[in-house]
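Let's take a friendly walk through a protein model together. Have a look at the picture below, and then we will go from one spot in the chain to the whole fold.

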Amino acid sequence: MTRPGGTWRNWARTEAVRPQRVEYPRTVAAVQRAVAAAAAQRLPVKAVGAGHSFSGIAVAPGVLLELADLSGLVAVDVERARVTLLAGTRLHRIPGLLARYGLAMENLGDIDRQSIAGAVSTGTHGTGARFGGIAAQVVGATLVTATGDLLRVDEDENPELVPAVALGLGALGILVEVTLQCVPAFVLHAVDQPEPLDEVIAGLEDRVAGVDHFEFYWFPHTDRAMTKTNIRLPESAPRHPLPRVGKWVDDVLVGGGLHRVACAAGAAVPPLVPPINRVSARIWGNREFTDASARVFATRRTVRFREMEYALPVANVRPAFEAVRELIDARGWRVGFPVEVRFAAPDDRWLSTAHDRASAYIAVHRYWREDPADYFEAVEEILLRFDGRPHWGKMHTLDADALRSRYPRFDAFVALRDRLDPERVFRNRYLERVLGG
């Protein structure tokens, strides 16, 4: 959000900017007017949602459009299970909007504070080998182009552009409406438990293929993995949600308060990190429950951190993970945040990290008061060797030359950007780096 004094900062405090102007459009027409005015003044214009990207993708040096007021449900097609939402709608609000129609989003990530436009534009994803990221659920969108005009893309209008616009990095225009393909509401049976890391790695392929959603976390300096297994059930299935007190203890007291204290202690006294991690691996994530899908997928995160994540061909995840594990041991780093491993189905979005290949994701984190540079750069070098693609909303060092060879439709996307925004109205330094000038 924009702070007093006019400085905007993202959630992770990795990016900050003082825009020349900040606007809060409440309607699509107001967005059109703002873009047209910025273009006439030759000012770059960017929209921001929740600011939950770790990269500089949303930094707005010229005109910043805060879209929090451009929120809510536009239309519902119950027969086809499709909904159209205004771009600033936060993910955590969507389940409530869909519930009255018996619908749900097919998959979600483990954080739901983002806006729907920000989530699809950066390639936000969850886990599940048969399920794509949020952008893969997009079947239509409306964006304001560099001239202030509206461009609709869906199966009837400009259908060939859906795979580009659905994950557009904010480079093609300002998304103002997003149409999602939903599914009938469902519940998830969740089992979170610690397991021996070597056993999880040895049986990884079977674990991923055998359930709907599987992921694991590994606390460095331990031999335990925290596994999360979710099975999809009909909406009518009996629910056994976490007790309110137990959920508060797990998510707020342990996952928030105690974890924040542990991170601060580890940052101040690094030798404390290994014993803290061993305790964390014993007390976190040992529970079983059944609840509505959105309540299981997402967990509110209150401890601020920085993150880098790469998508790999799924066949490369085991050797890449082992290389990261060996790296941490060899360098003697004390890493207090876990390494996260997730999975996704292939999709057709031009700049999706899962474009045309089944993918596994390896994410590394550092507490926000620690410098992540050495750790992230060394891990990035490993993941690039295993044909990795960086998450657009998370920290990485790649530029257009390095990215071009990793995306078969990269040049097609750049050509579309040249056509829709030849004057670079939607530019910023991040887009200049990853797409070229």
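## A loop residue, E235

E235 sits in the loop that links β15 (224–234) to α7 (244–268); helices (H or I, at least four residues) and strands (E, at least two) are DSSP runs, numbered from the N terminus. This is a predicted model, in which local features need pLDDT of at least 70, side-chain atom pairs count only at pLDDT 80 or more, and totals for chains, interfaces and linings use all residues. Residues are numbered from 1 along each chain as its sequence is written, and side-chain values use heavy atoms, leaving out hydrogens and water.

Buried means under 20% relative accessible area, exposed means over 50%, and partly exposed is in between (1.4 Å probe, protein chains only).

Which residues does E235 touch, leaving aside those up to four places away in sequence? They are A185, F186 and V187, where a contact means heavy atoms within 4.5 Å. A185 is 50 residues from E235 along the chain, yet their C-alpha atoms are separated by 5.6 Å.

## Helix α11 and what follows

Helix α11 covers residues 373–385, and its 13 residues should span 18 Å at 1.5 Å a residue; the end C-alpha atoms are 18 Å apart, so the two agree. The expected span is 1.5 Å times one less than the number of residues.

The buried residues of α11 are Y375, F376, A378, V379, E380, I382 and L383. Their cover includes β17 (305–313), α10 (317–331), β18 (339–344) and β19 (359–367).

Just after α11 comes D387, with a positive phi of about 65°, although D387 is not a glycine. D387 lies in the loop between α11 and β20 (389–390) and is partly exposed, at 36% relative accessible area.

## Another positive phi, at R13

R13 is not a glycine either, but has a positive phi of about 60°. Its place is the loop between β1 (8–9) and β2 (16–17), and R13 is partly exposed at 24% relative accessible area.

## The whole protein

Now step back: the protein has 14 helices and 20 strands. Its radius of gyration is 21 Å, close to the 22 Å that the globule rule gives for 437 residues, so the protein is as compact as a globular protein of that length. The radius is taken over C-alpha atoms, and the rule is 2.2 Å times the number of residues to the power 0.38.

Buried residues make up 59% of the 437. Of the contacts with a separation of 6 or more, 73% join residues 24 or more positions apart.
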